[in-house]
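Dear colleague,

My notes on it follow directly after.

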Amino acid sequence: MEEHEKFMKRAIELAAEGMNANKGGPFGAVVVKDGKIVAEGFNQVFSSIDPTAHAEVVAIRRACIALGKFQLDDCIIYTSCEPCPMCLGAIYWARPKAVYYGCTRGDAKDIDFDDQLIYDEIELEIENRQIPFIKMMREESKVVFSNWSTKKDKIKY
C-alpha cells in the first residue's frame with residue numbers, strides 16, 4: 001500500500017471510530033512527520049462539549065504538543081474530509097507541507113455538514129454579518145498591540 005494511502009486509511013478509520021463512539025461527527029485526521037504518525041484525532045465536538053474540537057484541530061494540537069513546537073512545517077496532514085473554514089485557518093497557522101483529504105465539502109454538505117454560510121459570512125463586510133460584531137475599546141486594546149510591537153523578547157509566528 002502506498003504511504004499516502006496508509007495514512008489516509010488511518011484518518012478514515014479514526015473518522016469511523018469517533019462517529020461510532022458518538023464522540024462527534026464522522027471526521028478523522030492524522031499528522032505525519034518523516035513517514036510516521038506523530039498525532040491523530042477524530043471529531044470530539046460532542047464528547048468534549050467543544051465546537052472547536054474538529055478532527056484536524058485535535059490532531060494539530062496533539063502534534064504540536066508531541067513535537068514541542070507550534071508550527072508543523074515539516075509535517076503532512078491527512079484528513080478524511082476537506083477542512084471546514086475553522087480547520088483551514090488552523091492548518092494555515094500550523095503551516096504543514098501538504099494536506100491530503102478524502103471527502104469534499106460538497107460530500108459533507110450532502111450529510112448536513114454545510115459550511116457555506118461561514119464561507120459567505122467571511123466575504124461580507126463585518127456590519128453585514130448574521131452575528132453582530134460590535135467594535136469597542138479599540139484604543140485601549142491597541143495599547144497591548146503597541147507593547148507587542150516593541151517587545152524585545154517576542155516569539156514571532
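**Salt bridges and a buried asparagine**

Lys33 has a relative accessible area of 23% and is therefore partly exposed. This and the other values come from a predicted model. The partner of Lys33 in a salt bridge is Asp74, with 3.2 Å between the closest N and O atoms. Because Lys33 belongs to strand β1 (residues 28-33) and Asp74 to the loop between α3 (55-67) and β3 (75-81), the pair ties together parts 41 residues apart in sequence. Asp74 is likewise partly exposed, at 23% relative accessibility.

In total, the structure holds nine salt bridges. Another of them pairs Asp50 with Arg61, the closest N and O atoms lying 3.9 Å apart. Asp50 sits in the loop between α2 and α3, and Arg61 in helix α3, so this pair links parts that are 11 residues apart in sequence. Asp50 has a relative accessible area of 21% and is partly exposed; Arg61, at 43%, is also partly exposed. Elsewhere, salt bridges with shared partners join Lys9, Arg10, Glu13 and Glu40 into one network. Within helix α1 (residues 3-20), Glu13 and Arg10 are three residues apart, about one turn of the helix, and their side chains form a salt bridge at 3.3 Å, N to O.

Asn43, in the loop between β2 (36-42) and α2 (45-48), counts as buried because its relative accessibility is 4%, under the 20% limit. Its side chain reaches the backbone nitrogen of Val45 at 3.1 Å. Beyond its neighbours within four places in sequence, Asn43 is in contact with several residues, including Lys23, Phe27 and His54.

With kind regards

Methods:
Residues numbered from 1 in each chain as written. Predicted model: local features only at pLDDT ≥ 70, side-chain atom pairs only at ≥ 80, totals over all residues. Heavy atoms only, no water. Helix = DSSP H or I, 4+ residues; strand = E, 2+ residues; numbered from the N terminus. Buried < 20%, exposed > 50% of the residue type's maximum accessible area, 1.4 Å probe, protein only. Polar contact = N/O pair within 3.5 Å; in protein donor to acceptor, adjacent residues only side chain to side chain. Contact = heavy atoms within 4.5 Å. Salt bridge = Lys/Arg side-chain N within 4 Å of Asp/Glu carboxyl O.
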